[in-house]
Amino acid sequence: MKFEFHPHTADIRMKVEANTITEVFEAALLGMSEIMKEGFCNRPFKGSLKVDLRITSKDRTCLLIDFLSEALSVSYDEKAVFCQLQIKKMGTNLLEASIYGEAIDKLDEEIKAVTYHEANLIKNKQNKWETFIIFDI
Amino acid sequence: MKIGKQHLSKIEDYLWEIPKSFHKNMLVPARVLAHEPILDDIIGDRSLVQLVNVASLPGIQGASWVMPDVHEGYGFPIGGVAATSHPDGAISPGGIGYDINCGVRLLTSTIMLEEVKDKIEALSKEMYAQIPSGMGKGGFLHLSQKEMEDVLSLGAKWAVDKGYGNTKDLAFIENNGHLPDADPSKVSERAKSRGLDQLGTIGSGNHFVEVDYVDEIYEPEVAEAFGLKKGQLVVLIHTGSRGLGHQIATDHIKIMMIAMEKYDIRVPDRELTCVPFSSLEGQNYYKAMCAAANYAWANRQVITWEARKAWANIFGKDHGQLELMYDVAHNMAKLETHQVDGKPHALIVHRKGATRAFGPGFSELPESYNLLGQPVIIPGSMGTSSYILIGTSKSHDLTFGSCCHGAGRRLSRTASKKQVNAPQLKEQLKERGIYVQAGSFKGIAEEAPIAYKDVNLVVETVSDAGIAKKVAKLRPVAVVKG
């Protein structure tokens with residue numbers, strides 16, 4: 001499992017689990033894109049739109065949420081969905097990366113925000129990194 | 001932390017309490033307004049854990065409240081009210097929500113359903129054509145930077161000045177559609193940019209424009225003052241501050257998350273992030289929140305203009321105007337004075353999925369409503385009833401002048417989609433005389449009546465609690481959704 005969806009009364013609860021932090025960030029971006037446009041990142045992908053991001057945050061969990069928030073805002077700015085992430089530099093509080101996406105006419109779902117609620121990026125008993133992420137719909 | 005019925009003590013048939021002693025972080029008790037069948041639904045999700053967490057907010061007064069339409073949110077429960085001490089208590093963007101000043105307005109018409117039954121389907125299509133809805137969809141207005149500053153400063157007045165309504169409309173909007181504390185300089189360029197083409201648009205999720213008819217009148221004198229008659233068509237508009245509001249909340253939560261340490265504030269959930277209202281970060285957020293609230297009122301005003309256009313296109317220009325009955329916010333923090341321990345106390349009242357429900361005698365209410373109280377608009381789900389209520393003096397004594405805001409979800413979107421065949425539901429509703437125009441079947445399935453609590457029970461609870469009185473029941477005939 002890299003990302004999967006769990007029930008939430010009004011919003012979307014996603015669980016991400018991966019071997020490395022980098023994979024968590026990649027999977028979380030893919031999961032968010034799946035909400036915005038189902039299957040969009042599974043089809044042949046050109047990644048014609050590249051956006052560079054630089055994010056500083058309070059800690060690693062916040063960095064993940066702030067990264068997704070930034071990618072979401074860029075999606076609305078560019079009217080695009082992003083499927084790929086290339087990390088240039090990553091620390092506990094800093095991420096420098098590029099995201100690659102393609103323009104889109106119509107989304108399946110309008111995410112209002114990526115929330116910090118329940119987010120806690122930790123290593124689980126299987127020695128994998130995991131967190132829940134709640135998207136406000 | 002798990003909370004079951006055994007942790008709640010019954011105070012009245014409609015009122016339950018989790019005592020302050022339940023958790024060491026609680027500064028006040030947590031209170032639930034709900035009749036027992038609703039309480040069973042509420043216990044099914046994490047609403048009560050979230051309610052208990054809110055009871056730890058710095059400066060919280062009285063009690064942390066949830067209304068009977070409560071459901072789990074992110075941080076704060078949806079349907080919650082938390083009042084903190086002004087000016088040094090906390091302001092928490094999570095207690096307002098990402099959709100700042102999401103709210104509802106009701107327009108009354110002079111047309112009776114019986115006169116125009118054969119035109120309702122055409123009306124639903126015209127409404128759908130005139131009012132942009134759906135994911136990230138832009139409207140016909142493309143604001144310049146200067147116009148954006150004016151919208152953020154002036155709210156609904158900007159729209160009226162531009163010809164999207166009349167001056168009389170402004171008297172029938174909470175705060176006259178304008179919060180003077182708004183400061184556009186506290187709104188990021190990105191937030192402004194997201195709002196440039198979204199005025200006059202509904203968006204998606206549970207937002208809608210609906211045509212209803214008045215099915216029942218409970219308080220004839222009040223209904224008359226509100227301009228409501230049995231059988232009459234009315235229009236309900238439900239939306240908020242769109243991407244601009246979402247971005248403002250995102251921006252300021254991130255700032256506060258870092259600033260919190262400086263004020264030695266620790267919260268049990270990151271989405272309860274808060275700072276003292278009087279702090280620089282608190283003031284910056286509050287001024288940006290007011291700007292987003294103004295944007296939302298301008299948005300509902302432009303949508304009103306679009307609805308009036310659709311109305312005139314179907315019924316003709318001479319067939320009556322749509323008059324604004326009232327516009328209420330249900331995601332907002334307001335500076336108000338209420339009694340705490342028997343004394344007047346200046347408060348920052350956070351309402352997240354809760355409606356202000358002032359009783360009679362408040363000078364801010366329109367003159368014609370002043371002796372009666374404030375209208376409260378409770379939309380149900382498509383296919384069920386909506387209600388018009390009126391606030392009472394008791395709401396000030398009990399819930400900081402607040403009431404519920406809708407039916408409240410009970411099923412997740414996924415569960416709803418699994419249980420509902422959307423094309424079939426659309427046809428079934430059509431057979432019952434309800435025409436649904438939506439951007440997708442997915443949206444219909446997610447917002448199906450089965451996904452919501454019984455709005456009748458929710459309204460009975462607030463009515464029995466005495467915080468609002470039933471004035472009229474509405475039933476839908478046309479629904480426009482994203």
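Me: What is the mean pLDDT of chain B?
Reply: The model is predicted, and for chain B 99% of the residues reach a pLDDT of 70 or more. The mean pLDDT of chain B is 95.

Me: Which ipTM does the predictor give the complex?
Reply: For the complex, the predictor reports a pTM of 0.96, and alongside this value it gives an ipTM of 0.91.

Me: What radius of gyration does chain B have, given its 482 residues?
Reply: The C-alpha atoms of chain B fill a box of roughly 60 × 50 × 45 Å along the principal axes, and 63% of its residues count as buried. A compact globule of 482 residues would have a radius of gyration near 23 Å, and the value for chain B agrees with this, being 21 Å.

Me: Among contacts in chain B between residues at least 6 apart in sequence, what percentage join residues at least 24 apart?
Reply: Chain B is built from 16 helices and 19 strands. Among its contacts between residues at least 6 apart in sequence, the share that joins residues at least 24 apart is 78%.

Me: Which element supplies the largest share of the side of chain B that touches chain A?
Reply: The two chains meet through 33 residues of chain B, which are in contact with 28 residues of chain A. On the side of chain B, strand E4 (64-74), helix H8 (189-195), helix H10 (242-259) and helix H13 (413-419) each supply at least two residues. The residues on this side of chain B divide into eight nonpolar, 14 polar and eleven charged. The largest share, eight residues, comes from H10(B).

Me: Which residues touch the most other members of the largest nonpolar core?
Reply: This core has 206 residues, and its largest share, 18 residues, comes from helix H11 (residues 280-315) of chain B. Leaving aside residues up to four places away in sequence, Met289(B) touches Ile96(B), Ile100(B), Ile248(B) and Ala333(B). The residues that touch the most other members are Ala28(A), Met289(B) and Ala307(B).

Me: How far apart are the end C-alpha atoms of helix H1 (residues 21-36) of chain A?
Reply: The buried residues of H1(A) include Phe25(A), Ala28(A), Leu29(A) and Met32(A), and what covers the buried residues of this helix includes strand E1 (3-6), helix H2 (60-78) and strand E5 (94-103) of chain A. At 1.5 Å a residue, the 16 residues of H1(A) should span 22 Å, and the distance between its end C-alpha atoms agrees with that, at 23 Å.

Definitions and conventions
Residues are numbered from 1 along each chain as its sequence is written. Chains are lettered from A and ligands numbered from 1 in the order in which they are written. This is a predicted model: local features need pLDDT of at least 70, side-chain atom pairs count only at pLDDT 80 or more; totals for chains, interfaces and linings use all residues. Two residues are in contact if their C-beta atoms, placed from the backbone, lie within 7 Å. Helices (H or I, at least four residues) and strands (E, at least two) are DSSP runs, numbered from the N terminus. Ala, Val, Leu, Ile, Met, Phe, Trp, Tyr, Cys and Pro count as nonpolar, Asp, Glu, Lys and Arg as charged, and the others, Gly among them, as polar. A nonpolar core is a set of buried Ala, Val, Leu, Ile, Met, Phe, Trp, Tyr and Cys residues joined through C-beta atoms within 7 Å. A residue is buried if 20 or more other C-beta atoms lie within 10 Å of its own, exposed if 12 or fewer, and partly exposed in between; C-beta atoms are placed from the backbone. The radius of gyration is taken over C-alpha atoms; the globule rule is 2.2 Å times the number of residues to the power 0.38. pLDDT is the predictor's confidence in each residue, from 0 to 100. The expected span of a helix is 1.5 Å times one less than its number of residues.
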